[in-house]
Structure formats: structure tokens, C-alpha cells
Amino acid sequence: MSISKKTIYDNFKSKEEVVQESLVAFINKLRSKILESVEKQKSNPILTVIDVYRIGLDSFKSFSPSFLFGLKKYYPDVYVSISDFRSKELYALVQNLLQKAKEKGQVRDDIDVELICEIYLNRLELILFSTKNLFEEYSVQELLEHIVINNLRGIATQDYLKKNNFMLEVH
């Protein structure tokens, strides 16, 4: 960044505060992108869910498993910020979008939206970083297709799939 440690610590009390403020800025930027997408795609909640995941995957591809482990181990309060954002805000947003899709007849009636969110959203970090960093082997689009889009195809109604020509992609 071409600034000295002294300059940084003139503005922040500790390393933890630097990490916390950096993460808050990251989350705010992510939140802004997501809300912009929600507004733009509000007529098609399923496409909005895909876009939310795409934004998330694009944002988290630069994170390594060791970075997340380090946050969890050395800055647990900071880790709680990102964990809360994911498990509370994003969970509620995606659940709401899928519920709207269900009400519009885009998601099958027999689908438990809460369970779908629990399985896919809350487990995403485990899937992406469990034994290896999947971002190192696959593109964001491949991960989006296999983790999100294929699952949404499975819960979407036949009518929705036909109307959208089986194409559940965000371009």
C-alpha cells in the first residue's frame, strides 16, 4: 500500500481493528452489489439467487482456506462479522427470494425452502474449502453451475424451466 506501519497505527489502535475495518468495508461493498442485483432482477427471484451466489463466489475466490482459518483462530470477533453476514443476512435474503419464487410457481410446491437454504447456503464454505480450495481447480462459472444452478434446476417447476428454455444463467 506504500504506507508505513506507523501511518496505519496512527489511524487504528490494533491489527485486529485494521482487519475488522477492512472486513466491514468488504462486506459493505458485497452487500451493495447484492442489493443492486436484487433490485435489477426483482421480477425473477431464481435468477436473482443465481446472481447473489455469483457475486459471492466472485468475492470469495480470493480468500484462501488458511485466511478463513486464521480469521477464525486469531480474530474470532472479526470472523463472527463475516459469518453473521453469511448466516443471517444472505440466508434471509436467499430464503426470501426462493419463497417468492415458490409463490410465483417457479419452485415446486413440495420443496422446503428453509431446508434448501440450510443445505446449500450454510454449507458453501465447507464445500468450497473442505479438503482443497476448489477455486484453484475450477472457474467461478463452473462452481456456480455445479453448486447452485444444477440444484435450482432440481427445485424449479417444469413450467419455469420451459419458459426459461432450461437456461438458468446470469450473463
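How many residues apart do Arg54 and Asp58 lie in helix α3? They are 4 residues apart, about one turn of the helix. The model toured here is a predicted one.

Please select Arg54 and Asp58 and display their side chains. The two meet in a salt bridge, at 3.2 Å from N to O. Asp58 has 30% relative accessibility and therefore counts as partly exposed. Arg54, at 25%, also counts as partly exposed.

Because Arg54 and Asp51 are 3 residues apart in helix α3, about one helical turn separates them. Is Asp51 buried or exposed? With a relative accessibility of 2%, Asp51 counts as buried, the cut-off for that term being under 20%.

Now include Lys61. Asp51, Arg54, Asp58 and Lys61 are linked in a network of salt bridges. Side chains of opposite charge can pair when their charged atoms come close.

**Second stop: where α3 meets α8**

Keep helix α3 (residues 45-60) in view and select helix α8 (residues 140-155). The axes of these helices come within 10 Å and cross at roughly 150 degrees. The crossing of α3 and α8 is right-handed.

Which residues make this contact? On the α3 side, select Ile46, Val49, Ile50, Tyr53, Arg54, Leu57 and Asp58. On the α8 side, select Val140, Leu143, Leu144, Val148, Ile149 and Leu152. Colouring this selection by residue type will show 11 nonpolar, no polar and 2 charged residues. Arg54 and Asp58, the salt-bridge partners from the first stop, are both among the α3 residues of the contact.

Finally, move to Glu89 and Arg31. These residues form a salt bridge in which the closest N and O atoms are 2.7 Å apart. Glu89 lies in helix α5 (residues 76-103) and Arg31 in helix α2 (residues 15-40), so the pair ties together parts that are 58 residues apart in sequence. Glu89 counts as partly exposed at 37% relative accessibility, and Arg31 counts as partly exposed at 24%.

Notes
Residues numbered from 1 in each chain as written. Predicted model: local features only at pLDDT ≥ 70, side-chain atom pairs only at ≥ 80, totals over all residues. Heavy atoms only, no water. Axes fitted to C-alpha atoms, helices over the stretch in contact; angles between N-to-C directions. Helix = DSSP H or I, 4+ residues; strand = E, 2+ residues; numbered from the N terminus. Left-handed = near helix turned anticlockwise from the far one by under 90°. Contact = heavy atoms within 4.5 Å. Nonpolar A, V, L, I, M, F, W, Y, C, P; charged D, E, K, R; others polar. Salt bridge = Lys/Arg side-chain N within 4 Å of Asp/Glu carboxyl O. Buried < 20%, exposed > 50% of the residue type's maximum accessible area, 1.4 Å probe, protein only.
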